[in-house]
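Please keep the structure open while reading.

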Amino acid sequence: MATCWRLGACSLLVALWLLHCCSCGWSETTRTNGVAKGETKEQELMSHERVKRGWVWNQFFVVEEYTGTEPLYVGKIHTDSDEGEGNIKYTISGEGAGTIFIIDELTGDIHATERLDREEQSYYTLRAQARDRLTNHLLESESEFVIKVQDINDSEPKFLEGPYIGSVGELSQIGTSVMKVTASDADDPTYGSSARVVYSVLDGERFFTVDRQTGLIRTAVADLDREKQDRYELVVKATDMAGQMGGLSGSTTVTIVITDVNDNPPRFPQKMYQFSMSEGAAVGTPVGRVIATDADMGENTDMSYLIKDEEGGELFKVTTDSDTQEAIITIKKALDFESKRTHNVVVEAVNKHVDPRFSELGSFRDQTIVRVSVNDIDEPPVFHPAEGTILEVQEDARLGAVVGTVTAKDPDMENAPVRYSIDQSTDQEQIFHIDPVSGAITLGNILDRETAGWHNITVMAVEADNVSQISHSSVSIRILDVNDNPPELATPYEASICEDAKPGQLIHSISVVDRDEPQLGHRYYFTLAPEATNNRHFTLWDVKDNTAGIRTQRSGFNRHEQNVYLLPILVVDSGPPALSSTGTLTIHVCGCDPEGTIQSCNATAYAISTSLSPGALIALLVCMLILIVLVLLILTLKRHRKGQSMSEDEEDMRDNVIKYNDEGGGEQDTQAYDMSTLRNLFDFPEAKGGSSESGPELRTLPQWIQGQMSGDGEAADFSLFKGYIRKKVEQTDGDLSVPPYDSFQTYAFEGNSSPALSLSSIHTLSTTSDQDFSYLSDWGPRFRQLAGYYAPGHPEEDGS
């Protein structure tokens, strides 16, 4: 049936299109003027003289989904230059040319050969050409035209986002918005009503409605109850053609979840719960658990519990288990079977999150009774008072004196007798005793408040016929003070005064320490001891606030005459009984600066000013400058001496000839002679034993040296070398610790115009000099071997 209807609709549309083409005629035309390609310039000029011609065609449409067997006529292209003689050939190019669309070359008629779908492509763009059939030259410029695909209602609405899931709170008002659904239609929304969609509810219209135009779903009733039904399934339909007959439709499923609100109060399943508990149970012991149910869910089921009656609130406590929402009843205060055997506790459950919109539904709370039965047990004795006892006793109480009495009683119905004892770990010195029957505490040792002002002991009480039932109580005993310690001067026991102290000047304040603590406080009296009554130097001033001051009685003290004064002071307390002691204050006489700051007390300085005076600072700076000048002077002298020594070392040109005999250390012996002693020519230590006793005097230098004269006839001055060598020889000959080595050393200044010649033995042996070295034999035993080397060279010496 639907297929037949669709074919009829297509035929109707074709007829309407043909009628439209006839009515339009040549009213909607598009003309394009141009010059064919390949024309000469002359032909172009001639064309301007002809009447303008151009393309003539109608607007082209083609119906989609054409199902006919013959090609579907689309339209006709024509140029006004075509006179019907068949000289013009029409061609087309572009989208679908030659495949979807074909053209009659002679008439310009265009046909569609394939079935078109507007939802796939809504229009096609082509280009038309008119050519000379013989020359194939363009007669008109190529022109572009469009073939539109005309829509028909062939697409049903679709819910692209379905299925949908929404939610709405229970007990919502009628018309409460739930959610919105949207269907889309692929047909052309600008042509007809093919894409106009309307909505309706197929299933679930009793509870929900949908807006016909927008697809918005709303509640239709106000009594949606999650506890009865927590979700609803709706079927929503979308129809195109604005819902008219023949329109296409599509549907989707919408699931609406009913969310919970706190509209149900908590309820106890029972109106009474019964538990039993022993009277000896410790505080905090759980008695039992109860729970109230709530038909709601989530946080709407959160509740708290409380005890409503005052008596139950004193003995019991209720808390809420956050995981199970149970009420936990625990013991808040110890139960007593003898006092009350049954307790009725009213427990109330209250919702934590109450919605004020539903307050008219009633109170969101419920109550139940928890009955607790107390079971009797054999309990230990109970002390009175239970929190402990505080006793007091005088410090001088005699042995055996009663300090106080503790009392305990058996709380059970039998009221068994009680026996007392002291926990020895709390009274290891056994200062106290207790009567096991009466509980009287007596003194067993001497007390001293200054040693221990409090004693804390533990007293134990047990039933006479059941020693396993034991209880403890703390007893604190305070020792009351008795005045048995004399007052003493507080440290320090020393004071200092300046030599220029004025009469009446306060030099020291005296305070007192007393180990006693009288209840009415201390009061001390000060006076000088009898042996100091004739004192003419200092006076004692009682300030009346348990302190006293020492003042000078005269002016001018001289620490060189007497630098220490001893002042005995008598201190008496107020008793009773009044006790006294004598303390000696040592007073030092000291030297002070003008500001009164102590500088020194004889050899000992008792105080030093924390800040230096300007004079002291200047003196300190002067000392520092003197030290700096001395250091610089020493450095300068050292540098000067070092420079002089270096200049002398540069001129000190020496030849050394050292002969080692068989008794020496060989060539490796470098300690035979200290060459450093020869470096300073001006250092001439005295020879041991004096020059007169060290050996014979050195002879004068050889005659050949004396012959070296200056130009004016004066001999060269070698006294410096003579004296130096003489002293060294005398020192060496007299020193028995020097190794027995012979050495010959010559020294001379070599330079420009130097009269000194080389005395090197090596040089001498290598020449044929006629020098006379016989004088070497007269220079002492040190030069004897050296003289032997040169003596054989002279025949006269060999003969001798």
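## Pairing around β15

Leu234 has Val254 in β15 as its bridge partner. Val235 is bridged to Thr253 of β15. Strands here are DSSP runs of E with at least two residues, and helices are runs of H or I with at least four residues, both numbered from the N terminus. Strand β14 (residues 231-239) and strand β15 (residues 249-259) run antiparallel and are joined by 9 bridges. Two strands count as paired if DSSP finds at least two bridges between them.

Val254 of β15 is also the bridge partner of Tyr164. The pairing of β9 with β15 is parallel and spans 6 bridges.

## Basis of the model

This is a predicted model, in which local features need pLDDT of at least 70 and side-chain atom pairs count only at pLDDT 80 or more, while totals for chains, interfaces and linings use all residues. Residues are numbered from 1 along each chain as its sequence is written, and side-chain values use heavy atoms, with hydrogens and water left out.

## The sheet containing β15

The strand order is β9-β15-β14-β11 in an open sheet of 4 strands with mixed pairing. Its edge strands, β9 (164-169) and β11 (198-203), each pair on one side only. Neighbouring strands of this sheet are turned against each other by 35° on average, direction ignored. Axes are lines fitted to C-alpha atoms, for helices over the stretch in contact, and angles between N-to-C directions run from 0 to 180 degrees.

In a regular strand, side chains alternate between the two faces of the sheet.

## The sheet containing β7

Another open sheet of 4 strands, also with mixed pairing, has the order β2-β8-β7-β4. β2 (60-63) and β4 (88-94) are the edge strands, and each pairs on one side only. From one strand to the next, the twist averages 30°.

β4 runs antiparallel to strand β7 (residues 123-132), with 7 bridges between them. Within this pairing, Gly94 has Leu126 in β7 as its bridge partner.

## A nonpolar surface patch

Which residues form a nonpolar patch on the surface? They are Ile618, Val622, Ile626, Leu627 and Leu630, with about 470 Å² of accessible area together. Patch residues have over 30% relative accessible area and no salt bridge; nonpolar side chains (Val, Leu, Ile, Met, Phe, Trp, Tyr) are joined within 5 Å, like charges within 9 Å. A salt bridge is a side-chain nitrogen of Lys or Arg within 4 Å of a carboxyl oxygen of Asp or Glu. Areas come from the Shrake-Rupley method with a 1.4 Å probe; for residues, only the protein chains shown count as cover.

Leu630 lies in helix α4 (residues 614-651). Leu630 counts as partly exposed because its relative accessibility is 44%, given that buried means under 20%, exposed over 50%, and partly exposed in between.

How values were computed
Buried means under 20% relative accessible area, exposed over 50%, partly exposed in between (1.4 Å probe, protein chains only).
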